[in-house]
Amino acid sequence: MKIQFLGATGTVTGSKYLLTSGTSRMLLDCGLFQGYKQLRLRNWAELPVAPSSIQAVVLTHAHLDHSGYLPLLVKHGFRGKILCSEATYDLCKILLPDSGHLLEEEANHANRHNYSKHAPALPLYTEQDAERALKFFSPVEFGKPFDICGPLRGQMALGGHILGAAIVSVTDGQRSVTFSGDLGRLHDAIMAEPAHITRSDYLVLESTYGDRLHNPADPAILLGQTIRETAARGGVTIIPAFAVGRAQSILYAIHQLKQQGQLPSGLPVYLNSPMATDATALYQKHRHLHRLDRRQCEAMCHAAHIVNSVEESIALNQKQLPMVIIAASGMATGGRVLHHLKAFGGDPRNTILFAGFQAGGTRGAAMLDGAPEIKIYGEYVPLRANVRQIDNLSAHADAGEIMSWLGHFEQPPKRTFITHGEPAAADALRHRIEQALHWDCRVADYMEQQELA
């Protein structure tokens, strides 16, 4: 068995791992690169392996940095099965068409306003491409072995990161490799903790927060404090949030704050993301995958006023009163939040509150680094609003939680490959594992191939 790292090396995006055994060939995850331009250009380059030669894809979860390349894979000839949990399939039915729609909108906007270097600007893929990819999905159950292709078989365990997220183990009958996917938190308010894995010959481990620990303070308290301070200035709190996972954590925290009387009376809260609304409804369907009961799910779903139409979204930008707007995307790379940043980013009374990791090269990372202006749809917008971050609302395990999860292995893997982290985070986690556990551990390089003997 061999593995090649086609993404999520030196970055937290573009997750793709090519696994081969004899003539059998599969991908574990199939994500988009995001952030720096040199990374995003990889989305347009040919894969080093023909999509038609790949027999199956197994997804750890639905976030676009793990699933968003699938429409292109199918467009370029893939005809195998896409295996994932049922909840991941349900979320991909929302996320992938929306991604295609947004890519088309951005290309059309660039053409109308003539700011693209390409004439005409074309989308990476379309909504129709995404709909076509969904026809190849084949959901599997947690805890039950399933056939992938040839001698390769897989099994999924709860990953705890978002709804449907999985830790995936793959075996060819002689050796096994486990992919952590994005590991969830040990004590998340909504998601159950990651399943304990006790043995695997090889391990591919994420390292998003491999060089830091989350603030132990209650994130709801920090969220409430920021909203109150902003409202007292007469300002608007803009929260860029991933439609799946982060948006639900914020909604549930706002529900708790309202119950406790910790938000100003009558302060309007808007969820401006139809996709996040649809995703939130799935928490009722898949209640066995998280901690909330039916009543709590309903409370989360009603914690904000839902903004559905484009007209209502535009109208929010004309309101001159304190309010909270939650909108995708979480790193401000696209979506409706861009229009709100353009409308409210120049006013020092307002706050832009990031609630999770910001990959290098994204607008979110630039704003947190103190950028005086940001580029939106070809124009530079001055940034005078307060920019803050609450990283302990993150759905990723921190370095301590990753080490705690590794502590359940009964014997060390032959080798642990560190992926899905910025260089400093990945190397810090490698060092921590080597020092504390004395495991054979290396940070994987882009396009590197390794024999799994």
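A polar contact is a pair of N or O atoms within 3.5 Å; within protein, one atom must be able to donate a hydrogen and the other to accept it. The views below all show a predicted model.

View 1. Asp218 caps the N-terminal end of helix 6, with a side-chain oxygen placed 2.9 Å from the backbone nitrogen of Ala220. Helix 6 comprises the 14 residues 219-232. After helix 6 comes Gly234, which has a positive phi, near 80°.

**View 2. The buried and exposed residues of helix 6.** Ala220, Leu223, Gly224, Thr226, Ile227, Thr230 and Ala231 are the buried residues of helix 6. Seen down the helix axis, these buried residues fall within an arc of 165°, so they line one face of helix 6. Ile221 and Ala232, on the other side of helix 6, are exposed. The buried residues of helix 6 are covered by elements that include helix 7 (246-259), strand 12 (236-240) and strand 16 (351-354). Strand 15 (323-327) and strand 19 (386-389) are also among the covering elements.

View 3. Six strands form an open sheet with parallel pairing, in the order 14-13-15-12-16-19. Strand 14 (305-306) and strand 19 are the edge strands, each pairing on one side only. Helix 6 packs on this sheet and touches strand 12, strand 15, strand 16 and strand 19. The direction of helix 6 makes about 140° with that of strand 12. Within the sheet, strand 13 (residues 269-271) pairs with strand 15 in the parallel sense over three bridges. Leu271 has Ile326 in strand 15 as its bridge partner.

**View 4. Strand 10 and its two partners.** Strand 10 (residues 176-179) is covered on both faces. Ser176 and Thr178 are buried on one side, and Val177 and Phe179 are buried on the other. Strand 10 pairs with strand 9 (residues 166-171) in the antiparallel sense over four bridges, and Phe179 of strand 10 stands opposite Val168. Strand 10 also runs parallel to strand 11 (residues 202-206), to which three bridges join it. Here Val177 stands opposite Tyr202 of strand 11.

**View 5. The hairpin of strand 9 and strand 10.** Four residues lie between the two strands of this hairpin. In the hairpin, Gly173 takes a positive phi near 95°.

Technical notes:
Residues numbered from 1 in each chain as written. Predicted model: local features only at pLDDT ≥ 70, side-chain atom pairs only at ≥ 80, totals over all residues. Heavy atoms only, no water. Expected span 1.5 Å × (residues − 1). Buried < 20%, exposed > 50% of the residue type's maximum accessible area, 1.4 Å probe, protein only. Arc of directions from axis to C-beta. Contact = heavy atoms within 4.5 Å. Pairing = 2+ DSSP bridges. Axes fitted to C-alpha atoms, helices over the stretch in contact; angles between N-to-C directions.
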